[in-house]
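Here's a quick briefing to read alongside the coordinates. Have the sequence and the 3D view open as you go.

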Amino acid sequence: MTFHSEIKPGTPLLQVTDITVDFDGFKAIDGFSLTLRPGELRILIGPNGAGKSTFCDTVIGRVQPASGSVRFMGQEITGRPEHEIVRRGICRKFQTPGVLPSLSVRDNLAVAAARDRRWWTTFSHRRAAEETRRVGEILETVGLSDRAETLAADLAHGEKQWLEIGMVVATDAPLILLDEPTAGMGPNETSKTARLIKSLLGRHAVLVIDHDMAFVEELGGTVTVLHQGRFLKQGTVDEIRADPEVAAVYLGRAKE
Amino acid sequence: MTDHPLLRHAWIAVLALAVLAPSLVSSYDLNLLGRFLAMAILAIGIVLIWGEGGILTLGQGVFFGLGGYSIAMYLKLASLEPGYLPDFMEWSGVMSLPWWWVPFQYPLFAVLAVVLVPALFAGLFAWLVFRRRIAGVYFALITQAVALTFATLLTSQQSTTGGYNGLTGFTTLFGMELGTDAANRTLYWVTLGLLVAVFAGSKWLIGSRFGTLLRATRDGENRVRFLGYDTTPYKVVAFALSAVFASIGGAFFTLHAGVVSPAFVGVVPSIEMIVWVAVGGRKSLWGAVAGALIVNFAKDIVSSAMPEAWLYVLGLVFILVVTFLPNGIAGLAEDLMKRRRERAAATGTALLEEAQ
């Protein structure tokens with residue numbers, strides 16, 4: 001099975017319309033809309049508490065919006081359970097690395113890459129040739145080929161982040177959400193991560209949440225600014241940098 | 001652990017010794033060894049659920065008891081003169097065999113019950129509990145409550161279960177007279193053969209994709225869910241298998257010991273079973289087998305010297321192991337081996353540098 005055959009050209013991959021998320025009276029997201037085309041890169045920025053993570057939570061079904069709708073590949077997914085949304089082809093990387101520590105790097109990817117998830121088919125040592133090939137490919141992509149047999153627990157912090165990006169990619173989901181993929185990384189690792197993410201585009205649409213402007217600049221792509229749960233601005237990195245309103249709420253604050 | 005060529009083949013020597021044991025040790029010690037090998041079968045089940053699955057269960061005594069009582073009911077009925085009821089029933093004034101005893105006069109039924117009853121019970125129980133995402137300490141406490149309930153039930157139903165004394169006085173198994181040297185040897189070898197089969201099967205399972213997913217679920221159940229898996233079946237299967245192994249262990253223990261009673265199924269024995277595996281190493285099959293043998297032989301020695309001291313010794317050993325050897329004897333062996341390898345590698349590098 002592949003998700004990609006179900007993508008209809010011309011239809012937006014993800015269409016979030018006018019969603020509001022209400023936490024006991026506090027509007028974490030307030031009438032926000034966002035549309036993603038297949039294979040597109042989008043960067044979501046905004047000061048702390050702007051509602052970036054809540055937005056991700058809403059897309060993957062962890063948080064239910066009070067109003068508004070989330071459509072994926074033309075179908076309504078608002079209110080569907082998490083695992084069903086995952087199976088439809090949205091995969092998310094959380095802020096803290098969520099690798100499986102006592103499995104090897106290869107097994108981490110193999111678990112993510114497996115297409116047949118029925119438990120009774122797992123009583124076997126063999127893996128589908130297609131999966132093995134794909135795991136090898138992803139090991140190359142994330143630069144962990146020579147660490148394939150290492151336990152995930154023994155990886156450096158940056159390597160764990162790449163492994164988890166690899167796991168998300170291995171699911172072959174058309175939409176990938178990356179929540180602060182460079183958290184805790186040094187400049188070299190950060191720019192390696194940027195190159196890695198750019199190499200995924202086309203096959204995967206990627207929504208990146210971050211607030212490291214150097215990283216955002218390196219990524220390029222369209223930037224959407226979220227402020228207090230509302231849409232503030234959208235444009236190229238340069239446009240966003242030059243925008244006085246954005247500078248006031250976000251960049252200005254970062255300079256303090 | 002399997003890096004050293006001598007160690008890689010050590011299991012052949014161990015197995016050969018085990019096969020030859022009937023000609024090497026006294027019949028008393030052979031009987032003890034047979035019982036402890038049966039317990040080692042149960043210990044392997046704990047490796048699957050606790051070591052690989054990360055799920056602590058304090059109710060293995062229940063399944064040990066289900067196996068033990070299933071085979072004991074058959075033995076009890078097979079050892080009767082025609083027309084008689086088991087002795088404890090007659091003493092309690094029971095006039096006819098209770099309906100749930102009746103099928104146990106057929107050996108095939110008893111053998112099937114040893115495997116199927118715990119599989120069905122544990123499978124259903126685990127499915128109900130895990131589906132509701134009950135885990136960790138809560139799960140351990142529920143299993144402990146089941147152990148307490150089962151032991152209490154057995155003790156209270158004196159007239160149909162033999163109560164506190166349990167079932168004993170067996171003379172014949174599948175037409176073979178019990179208690180003779182030949183019967184003891186045969187039983188020992190069958191137990192050993194089953195232990196080897198369970199060991200090999202578990203090794204295969206741990207290496208399979210099922211094993212990988214079970215460990216993945218232990219490491220990060222939410223991560224595995226977010227990859228689109230339903231994690232419940234892996235935990236249910238592991239728990240059901242551990243229950244079947246415990247039941248087989250209980251059945252063979254009963255055959256070797258000639259008795260089964262509530263003393264083997266309650267809270268304390270269930271915790272003891274966990275201690276065997278903690279001592280040996282919960283992430284290692286051979287560690288669990290070694291743990292079951294070492295702790296039980298130690299129990300035999302300590303109990304015959306100072307009967308009251310055993311529980312204190314056991315408690316102390318448990319505390320020491322949990323504090324200093326979280327992965328038991330097997331973990332210690334692995335660490336030592338790793339250190340030696342690293343030292344050897346360091347020496348090698350030093351020699352190379354010198355040579356340059």
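Accessible areas here come from the Shrake-Rupley method with a 1.4 Å probe. On that basis chain A exposes about 11100 Å², with carbon and sulfur atoms supplying 50% of it. Keep in mind that this is a predicted model; for the complex, the predictor gives an ipTM of 0.81 and a pTM of 0.87.

**Chain A overall**

- Chain A is built from nine helices and 10 strands.
- Its C-alpha trace spans about 55 × 40 × 35 Å along the principal axes.
- For 256 residues, a compact globule would have a radius of gyration near 18 Å, and chain A agrees because its value is 18 Å.
- Buried residues make up 52% of the 256 in chain A.
- Take the contacts in chain A with a separation of 6 or more: 68% of them are between residues 24 or more positions apart.

**Chain B overall**

- Over in chain B you'll find 16 helices and four strands.
- Chain B has a radius of gyration of 22 Å, close to the 21 Å from the globule rule for 356 residues, so it is as compact as a globular protein of that length.
- Taken along the principal axes, the C-alpha atoms of chain B fill a box of roughly 90 × 55 × 40 Å.
- Of the 356 residues in chain B, 49% count as buried.
- In chain B, residues 24 or more positions apart account for 79% of the contacts with a separation of 6 or more.
- The accessible surface of chain B comes to about 17100 Å², and 69% of that belongs to carbon and sulfur atoms.
- As for charge, chain B has 22 positive and 19 negative ones, with mean positions 11 Å apart.

**Confidence in chain B**

- The average pLDDT of chain B is 88, and 97% of the residues score at least 70.
- Among the elements of chain B, helix α12 (residues 232-257) has the highest mean pLDDT, at 95.

**A covered helix in chain A**

- Helix α1 (residues 52-59) of chain A is mostly covered, with seven of its eight residues buried.
- The buried set in α1(A) consists of A:Lys52, A:Thr54, A:Phe55, A:Cys56, A:Asp57, A:Thr58 and A:Val59, so charged side chains feature in that list too: Lys counts as positive and Asp as negative.
- After α1(A) comes A:Gly61, which has a positive phi near 85°.

**Positive phi without a glycine**

- A:Met73 isn't a glycine, yet its phi is positive, at about 50°.
- Look for A:Met73 in the loop between β4 (67-72) and β5 (75-76) of chain A.
- Is A:Met73 buried or exposed? Its relative accessibility is 9%, and A:Met73 therefore counts as buried, the cut-off being under 20%.
- B:Arg133 also has a positive phi, about 60°, although it is not a glycine.
- The loop between α6 (107-131) and α7 (136-156) of chain B is where B:Arg133 lies.
- B:Arg133 counts as exposed because its relative accessibility is 53%, and exposed means over 50%.

Note on methods:
Residues numbered from 1 in each chain as written. Chains lettered and ligands numbered in written order. Predicted model: local features only at pLDDT ≥ 70, side-chain atom pairs only at ≥ 80, totals over all residues. Heavy atoms only, no water. Helix = DSSP H or I, 4+ residues; strand = E, 2+ residues; numbered from the N terminus. Rg over C-alpha atoms; globule rule 2.2 N^0.38 Å. Buried < 20%, exposed > 50% of the residue type's maximum accessible area, 1.4 Å probe, protein only. Contact = heavy atoms within 4.5 Å. Charge placed at Lys NZ, Arg CZ, Asp CG, Glu CD. pLDDT = per-residue confidence, 0-100.
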